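User: Could you walk me through how to read the features of a protein model, one at a time? I would like the general idea and then the case at hand.

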Amino acid sequence: MLKMEVKAYYDFVLPLVREAGQVETKDEIYDEVTEYDRKIENILIRRIKEKWPHHNFIGEEESHMNGIGELTRNPTWIIDPIDGTSNFVRNMRDTCISVGLVIDKEQIMGIVFNPFNDELYTAVKGQGAFLNGLRIHVNQEKDIKKSIFNYELSLARNPKYYELYMYRLKHLIQIINGFRSLGSAVLGLCYVAVGRLDAYQCDGLYPWDAAAGVLIVREAGGYVCDTRGGEFDLMDPNFLATSTKELSDQFMEIERKADEERLNDLENKKPFKP
Ligand code: 2AM
Ligand code: CA
């Protein structure tokens, strides 16, 4: 029964996401982000609401009006009309539309579309992850020293996260092979899923930055936990997504040391030193 329902959701929403992508690529002024957001929301959210009026929605616009709200057992669409906004306004191509569906508090479906390079990432729980219809898998990297790691450093400007990020960065940078900071949480996750990145980590995101991407990573065979090694919580999304569990364990070991140093320094009133 659920399988049939999910297929109906998928078949209805996929063309809407593609249609919304046409809005994003229109060659107009790029600083009209709210205008694009509104247009995309209009295509996507309004039509899903019309079709399934009893479903719930979690997204930036909804949250501005009513706060993020609780995740219930009801089918819930978690939507980011433009992720990677700062890339989008500079005409950089790491930007996308993200649609996640959660039913019974379980992540069931993820659709991510980057209209600039025509990449469509999709996943339905238990059925694998796909890029433009072709099955994708994470790579098999198990060695942190060889890994390319995406760390969304711009989020460290939030004073709540500044030291957390800085201590971890200080420890990790001495070990890993390469850093990236893509500017799109959703695509960061998709790139782990397709094996372009080995690991991606973020603290301080919103549910719509993670809902579709985390399912896509998992369905591509990747491993996702929260940034303390516990279970990923969609409503408080901080995550480490890696190609393998072995790699995740290595990141967590180093980050635990970094966190210990931070807490010791805090206790001894020592400021952060690079
Ligand atoms: P956005 O493009 O939809 O704003 C890197 O900037 C990533 O973090 C992007 O996915 C971005 O989403 C998200 N992001 C930016 N600022 C944020 C904030 N203050 N809180 C949570 N997520 C943020
Ligand atoms: Ca976002």
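Analyst: Happy to. Keep in mind that this is a predicted model. Let us begin with the metal site: the calcium ion (ligand 2) is coordinated by Asp80, Asp83 and Asp209, each through OD, at 2.1 to 2.2 Å.

User: Which spacing do the donors of the calcium ion (ligand 2) follow along the chain?

Analyst: The spacing is D-x2-D-x125-D. Asp80 sits in strand S2 (residues 76-83) and Asp209 in helix H7 (residues 207-219), so this pair ties together parts that are 129 residues apart in sequence.

User: Are Asp80 and Asp209 buried or exposed?

Analyst: Both Asp80 and Asp209 are buried. As for ideal geometry at a metal, four tetrahedral donors have angles of 109.5 degrees, while six octahedral ones have 90 or 180 degrees.

User: Let's turn to open space. What is the volume of the largest pocket?

Analyst: The general idea is that a probe the size of a water molecule, rolled over the atoms, shows where empty space is left. Here the largest pocket has a volume of about 720 Å³. It is lined by 33 residues, and the closest to its centre are Glu60, Asp83, Gly84, Thr85 and Asp209.

User: Which elements give two or more residues to the lining of the largest pocket?

Analyst: They are helix H2 (33-51), helix H3 (60-66), S2, helix H4 (85-89) and H7. The largest share, eight residues, comes from H2.

User: How should I read a helix such as H5, and what is its reach from first C-alpha to last?

Analyst: In an α-helix there are 3.6 residues a turn, so residues three or four places apart point the same way. H5 has 14 residues and reaches 20 Å, close to the 20 Å expected at 1.5 Å a residue. Its buried residues include Tyr161, Leu164, Tyr165, Arg168 and Leu172. Among the elements that cover the buried residues of H5 are strand S8 (148-151), strand S9 (178-180), strand S10 (199-202) and helix H8 (245-267).

User: What does His171 touch?

Analyst: His171 lies in H5, which spans residues 159-172. Its relative accessible area is 18%, and since buried means under 20%, His171 counts as buried. Leaving out residues up to four places away in sequence, His171 touches Ile254, Lys257, Ala258 and Glu261. With Glu261 there is also a polar contact of 2.8 Å between the side chains.

User: And where is Ile175 found?

Analyst: Ile175 is in the loop between H5 and S9. At 31% relative accessibility, Ile175 is partly exposed. Beyond residues up to four places away in sequence, Ile175 touches Ile144, Lys145 and Ile254. Ile254 is also a contact of His171.

User: Which side chain does a polar contact of 3.5 Å join to that of His55?

Analyst: That partner is Tyr9. His55 itself belongs to the loop between H2 and strand S1 (56-59), and its relative accessible area of 12% makes His55 buried. Setting aside neighbours within four places in sequence, His55 is in contact with Tyr9, Asn74, Pro75 and Trp77.

User: How many residues of helix H6 are buried?

Analyst: Nine of the nine residues of H6 (residues 185-193) are buried, so this helix is largely enclosed by the rest of the structure. Among them are Val186, Leu189, Cys190 and Tyr191. Just after H6 comes Gly195, with a positive phi of about 85°.

User: Where is phi positive in a residue other than glycine?

Analyst: One case is Asn91, whose phi is near 60°. Asn91 lies in the loop between H4 and strand S3 (96-103), and at 43% relative accessibility Asn91 is partly exposed. Another is Lys269, which is not a glycine but has a positive phi of about 55°. Lys269 is found in the segment after H8, where Lys269 is exposed, with a relative accessible area of 75%.

Definitions and conventions: Residues are numbered from 1 along each chain as its sequence is written. Chains are lettered from A and ligands numbered from 1 in the order in which they are written. This is a predicted model: local features need pLDDT of at least 70, side-chain atom pairs count only at pLDDT 80 or more; totals for chains, interfaces and linings use all residues. Side-chain values use heavy atoms; hydrogens and water are left out. Donors are N, O and S atoms within 2.8 Å of the metal (3.2 Å for Na, K and Ca); water is not among the atoms, so sites may look incomplete. Helices (H or I, at least four residues) and strands (E, at least two) are DSSP runs, numbered from the N terminus. Buried means under 20% relative accessible area, exposed over 50%, partly exposed in between (1.4 Å probe, protein chains only). A polar contact is a pair of N or O atoms within 3.5 Å; within protein, one must be able to donate a hydrogen and the other to accept it, and residues adjacent in sequence count only if both atoms are side-chain atoms. Contact means heavy atoms within 4.5 Å. The expected span of a helix is 1.5 Å times one less than its number of residues. On a 1 Å grid over the protein atoms alone, a cavity is a set of points where a 1.4 Å probe fits but cannot get out, and a pocket is an open set with protein on both sides within 12 Å along at least five of seven lines; lining residues have an atom within 4 Å of a point. Grid points are joined across faces, edges and corners, and a volume is the space filled by probe spheres set on the points.
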